[in-house]
Amino acid sequence: MRDDAVVAAAKRGDQDAWRALYRAHAGRLVVWLETRAGNDSAVTAEDVAAQTWLTAAEKVADYEGTAEEFGGWLFGIARRVAANSRRRSGRRRTEPVAEAPSTAVAGPDATIAEQDWVRDLLAGLSPRERDVVACVDVVGLSAEDAAKALGMSQVAVRVARHRALRRLRSDARTSLLATSLA
Amino acid sequence: MDLKVEVPELEPSSVLLEQLAQLSQGSVPSAGRGGGPKRALMAALSVTVIAGASWLTGTMPGVASPFAHGPGHGHAGVHAPAEPASDGASGDSSAAPGQAKAHHQDNGNHTGQTKPHSNSGNHTGQTKPHTHSGNHTGQTKPHTDTGNHTGQTKPDQAGGNGGNGGGEGNGHHT
């Protein structure tokens with residue numbers, strides 16, 4: 001597979017190329033990381049995303065593909081960075097402090113309410129299904145890029161997504177029925 | 001069910017962009033990429049070559065195996081005559097200490113003898129039928145001789161004149 005012009009320029013260290021890649025993928029990377037955020041308040045999705053971008057720049061010579069497919073590769077790096085962060089958190093045994101805000105504070109660009117709704121919805125899924133649905137349905141990666149990002153086959157991605165959506169529909173019907181009965 | 005979230009377009013800071021550009025300029029392809037299958041292939045080739053060479057060495061004619069005994073490995077100097085006896089049947093009175101050839105005729109004493117031969121000496125642990133006229137210990141197969149025997153298990157026809165340990169063949173069997 002050959003690099004397109006943006007990726008080739010990014011490999012040469014061109015700042016404009018990196019800006020284009022960042023604009024295309026940084027937002028959905030943060031949203032995806034927030035859907036799978038752990039319980040360590042010391043490490044936010046933005047922290048993981050920033051580390052992911054630096055790691056991607058270090059290893060960009062290993063990447064071959066287009067700027068659009070760059071997302072799958074980038075999400076794969078993010079998954080590993082998040083896993084390392086979780087391992088470190090487990091060793092550090094972080095305890096939440098009383099002064100920390102219990103709810104997220106909306107920033108100028110974030111659609112916090114929407115994200116909270118999605119996060120609550122995905123909470124009933126298994127981590128694997130949650131990752132797949134968040135990649136494909138929430139932030140819009142292709143099945144191929146999601147498979148690359150999650151280290152799964154495309155078939156496994158489709159199967160997990162199918163099961164997850166079926167469960168979500170079932171849960172939504174149940175909650176709707178409960179609401180109407182109440 | 002529409003789960004799509006409106007993704008915000010984030011703008012990178014100038015510091016981050018500078019870092020990304022610097023890091024990407026120093027990025028080199030990792031050496032380990034694609035090396036796994038190559039290494040596995042090389043290992044498989046090495047095993048195949050070694051196994052093939054071993055097999056060829058084992059099947060090649062003319063190469064002696066250290067585990068196969070050739071016909072010339074009968075006695076390996078285990079002759080230890082009890083005494084310099086003279087056998088009556090053969091009339092040969094000389095023992096053969098340290099004699100190492102198979103299929104020979106002698107009249108000395110033998111220990112651990114395994115190949116057939118004809119002689120007229122004393123034997124210990126003899127296993128194959130033969131004809132001689134000496135004294136025997138541990139003899140198991142029928143044969144015809146005229147010596148004295150110890151530990152004989154099957155009937156034989158002994159003339160009794162083959163010579164005993166002292167060189168006198170008197171036909172005594174034990």
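Chain A has 8 helices and 0 strands. Read from the N terminus, the order of its elements is therefore simply α-α-α-α-α-α-α-α. The model is a predicted one. Chain A holds 182 residues, and 34% of them are buried. Among the contacts in chain A with a separation of 6 or more, 66% join residues 24 or more positions apart.

Chain B is built from 2 helices and 9 strands. Of the 174 residues in chain B, 25% are buried. Contacts between residues 24 or more positions apart make up 35% of those in chain B with a separation of 6 or more.

The largest nonpolar core has 48 residues, and the members that touch the most other members are A:L29, A:W32, A:A78, A:V132, A:C135, A:V139 and A:A146. Two or more residues of this core come from each of α1, α2, α3, α4 (70–92), α5, α6, α7 (143–150) and α8 of chain A. The largest share belongs to α2(A), which gives 10 residues.

A:A78 shows how one of these core members is placed. Once its neighbours within four places in sequence are set aside, A:A78 is in contact with A:L29, A:L33, A:V48, A:A49 and A:T52. One of these partners, A:L29, is itself listed with A:A78 among the core residues that touch the most other members.

A residue in a loop gives another view of chain A. A:E69 is located in the loop between α3 and α4 of chain A. Is A:E69 buried or partly exposed? With 19 other C-beta atoms within 10 Å, A:E69 is partly exposed, because a residue counts as buried if 20 or more such atoms lie within that distance. A:E69 and A:L141 are 72 residues apart along the chain, and their C-alpha atoms are separated by 8.9 Å.

The two chains also meet each other. At their interface, 36 residues of chain A are in contact with 25 residues of chain B. On the side of chain A that touches chain B, at least two residues are supplied by each of α1 (5–11), α2 (15–35), α3 (45–58), α5 (112–122), α6 (127–138) and α8 (154–181). The largest share of that side again comes from α2(A), with 9 residues. By type, the residues on this side of chain A are 18 nonpolar, 6 polar and 12 charged.

α2(A) packs against helix α1 (residues 14–25) of chain B at an angle of about 115°, and their axes are 9 Å apart. The two helices, α2(A) and α1(B), are therefore roughly perpendicular to each other, and the crossing in which α2(A) passes α1(B) is right-handed. Which residues of α2(A) and α1(B) make the contact? From α2(A) they are A:Q15, A:W18 and A:R19, and from α1(B) they are B:L17, B:L20 and B:A21. Sorted by type, the residues of the contact of α2(A) with α1(B) comprise 4 nonpolar, 1 polar and 1 charged.

How values were computed
Residues are numbered from 1 along each chain as its sequence is written. Chains are lettered from A and ligands numbered from 1 in the order in which they are written. This is a predicted model: local features need pLDDT of at least 70, side-chain atom pairs count only at pLDDT 80 or more; totals for chains, interfaces and linings use all residues. Two residues are in contact if their C-beta atoms, placed from the backbone, lie within 7 Å. Helices (H or I, at least four residues) and strands (E, at least two) are DSSP runs, numbered from the N terminus. Ala, Val, Leu, Ile, Met, Phe, Trp, Tyr, Cys and Pro count as nonpolar, Asp, Glu, Lys and Arg as charged, and the others, Gly among them, as polar. A nonpolar core is a set of buried Ala, Val, Leu, Ile, Met, Phe, Trp, Tyr and Cys residues joined through C-beta atoms within 7 Å. A residue is buried if 20 or more other C-beta atoms lie within 10 Å of its own, exposed if 12 or fewer, and partly exposed in between; C-beta atoms are placed from the backbone. Axes are lines fitted to C-alpha atoms, for helices over the stretch in contact, and angles run from 0 to 180 degrees between N-to-C directions. Angles under 35 degrees count as roughly parallel, over 145 as roughly antiparallel, 65 to 115 as roughly perpendicular and the rest as oblique. A crossing is left-handed if the near helix is turned anticlockwise from the far one by less than a right angle, and right-handed if clockwise.
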